Amino acid sequence: MVESGIMLGTTRRVVGLIPRSVRQVHGDGDGEEALRFYKSRGQHILVNPRILDTIVRKSGINPTDTVLEIGPGTGNLTLKLLEVARKVVAIEIDHRMVQVLEKRVLQRGLQDKLRVIERDAIRVPFPRFDLLVANIPYGISSPLLFKLVYGATPFRSATLLLQKEFARRLLATPCDSNRLSVNVNLVADVELVMDVSKRDFLPSPQVDSSVVIIRPKPQIPNVDLSQWNLFTMICFRNRHKTLGALFKLKGNVSYLFNIFNEHRHSSPHKGDDAPDEGELTSFKEKIILVLRTGGFEAKRPVKLSIEELLHLLSLFNQAGIYFNRRRHFKSEDNFNVDDD
């Protein structure tokens with residue numbers, strides 16, 4: 001993950017990773033303790049104060065707002081958030097970081113405005129908050145976004161520092177769609193704020209980053225989200241293939257046939273028996289007929305808009321073809337599937 005903190009006026013230093021010149025820029029303590037940041041865990045420290053100030057300013061934080069921060073690290077961003085927000089709730093899994101964070105906040109006299117949750121941000125329920133502002137740990141970007149935009153906790157906006165390539169996938173246009181972009185843009189608008197050089201971190205990661213703002217849409221399409229999730233999973237498993245080729249694959253036909261039987265018989269067990277080849281062939285023809293009638297057979301997912309994908313899903317449903325096994329949609333389901 002990418003940690004957003006660097007010690008400002010604390011007694012800790014990063015052994016072997018942060019040179020003295022950087023510590024002098026942010027202030028030295030009167031003693032030293034060792035605190036190591038691990039590249040293998042993606043722990044990179046954002047050290048550019050201009051970037052931190054821009055993140056806070058662009059977030060549009062009101063004095064009455066509660067801000068949620070994921071992966072605060074040692075608290076460089078946290079301290080700036082505490083200066084403008086009513087309260088900051090920080091979720092951090094690394095106990096060493098929590099110790100440094102709480103010490104720094106105490107030194108600033110801001111401890112009454114901070115609540116630290118020492119848990120895994122993917123697994124812990126989000127508390128109530130107005131905005132999310134965070135230097136997101138890169139390794140959990142996809143499941144965290146999924147939990148955020150499809151979760152039950154309402155929020156006004158999320159200002160996130162993400163890996164640049166990941167951010168570009170979020171911002172993809174309909175002529176270059178991917179599963180990440182269509183899932184997020186179904187329910188939220190995404191704005192690029194700025195790019196951030198890898199040189200603004202210590203130790204430097206191998207890639208640059210980008211700051212984006214995600215705002216939930218006031219109205220979203222009336223669609224079963226569990227269906228949508230599995231529908232896009234099939235469509236974008238290879239986004240450059242035609243839909244006709246994708247839906248002719250035996251694995252996809254068998255999967256949809258089992259769900260078809262389950263809905264038809266209103267039993268979670270009826271569709272579990274292996275269908276014979278004749279049934280599969282007939283069902284495949286049913287799928288292709290839907291694609292052909294709607295003019296989608298030769299189209300490729302990468303070129304489709306969200307509106308076109310929603311229309312195709314509606315056509316499948318009208319034909320009695322569904323993509324979910326009558327289960328509740330779970331926030332831990334992940335839409336980060338590699339697409340070609």
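## Stop one: a close pair of charges

Keep in mind as you click around that this is a predicted model. Start by selecting Arg 96 and Asp 94: they form a salt bridge, and their closest N and O atoms sit 2.8 Å apart. Side chains of opposite charge can pair when their charged atoms come close. Arg 96 is partly exposed, with a relative accessible area of 23%, whereas Asp 94 is buried, at 10%. The cut-off for buried is under 20%, so Asp 94 falls below it.

How many salt bridges does the structure hold? There are 13, so let's visit a couple of others.

Select Lys 164 and Asp 195, a salt bridge whose closest N and O atoms are 3.8 Å apart. This pair links distant parts of the chain: Lys 164 belongs to helix α6 (residues 164-170) and Asp 195 to strand β9 (residues 188-196), 31 residues apart. Lys 164 counts as partly exposed at 29% relative accessibility, and Asp 195 counts as partly exposed at 37%.

Next, pick Arg 239 and Asp 176. They make a salt bridge too, with the closest N and O atoms 3.2 Å apart. Arg 239 is in the loop between α8 (225-235) and α9 (243-248), while Asp 176 is in the loop between α6 and α7 (179-187), so this pair ties together parts that are 63 residues apart in sequence. Is Arg 239 buried or exposed? Arg 239 is buried, with a relative accessible area of 12%, but Asp 176 is partly exposed, at 36%.

## Stop three: the sheet

Switch to a cartoon view and look for the open sheet of seven strands. Read across, the order is β6-β5-β4-β7-β8-β11-β9, and the pairing is mixed. Which strands are at the edges? Those are β6 (114-117) and β9, each of which pairs on one side only. Neighbouring strands here are turned by 20° against each other on average, direction ignored.

Zoom in on β7 (residues 131-135) and β8 (residues 157-163). These two run parallel, and five bridges join them. Click on Asn 135, and you'll find it standing opposite Leu 161 in β8.

Now bring in the helices. Helix α4 (residues 95-107) packs on the sheet and touches β5 (87-91) and β6, with its direction at about 175° to that of β6. Helix α5 (residues 141-149) lies across β4 (66-70), β7, β8 and β11 (209-216), and runs at about 170° to β8.

## Stop four: the nonpolar cores

Time to go inside. The largest nonpolar core has 65 residues, and Trp 228 and Phe 247 have the most contacts inside it. Select helix α12 (residues 306-318) as well: the largest share of this core, seven residues, comes from there.

Show the neighbours of Trp 228. Leaving out residues up to four places away in sequence, Trp 228 touches Tyr 150, Val 182, Asn 183, Leu 186, Val 223, Ile 306, Leu 309, Leu 310 and Leu 313.

Note on methods
Residues numbered from 1 in each chain as written. Predicted model: local features only at pLDDT ≥ 70, side-chain atom pairs only at ≥ 80, totals over all residues. Heavy atoms only, no water. Core = buried A, V, L, I, M, F, W, Y, C linked by side-chain atoms within 4.5 Å. Buried < 20%, exposed > 50% of the residue type's maximum accessible area, 1.4 Å probe, protein only. Helix = DSSP H or I, 4+ residues; strand = E, 2+ residues; numbered from the N terminus. Contact = heavy atoms within 4.5 Å. Salt bridge = Lys/Arg side-chain N within 4 Å of Asp/Glu carboxyl O. Pairing = 2+ DSSP bridges. Axes fitted to C-alpha atoms, helices over the stretch in contact; angles between N-to-C directions.
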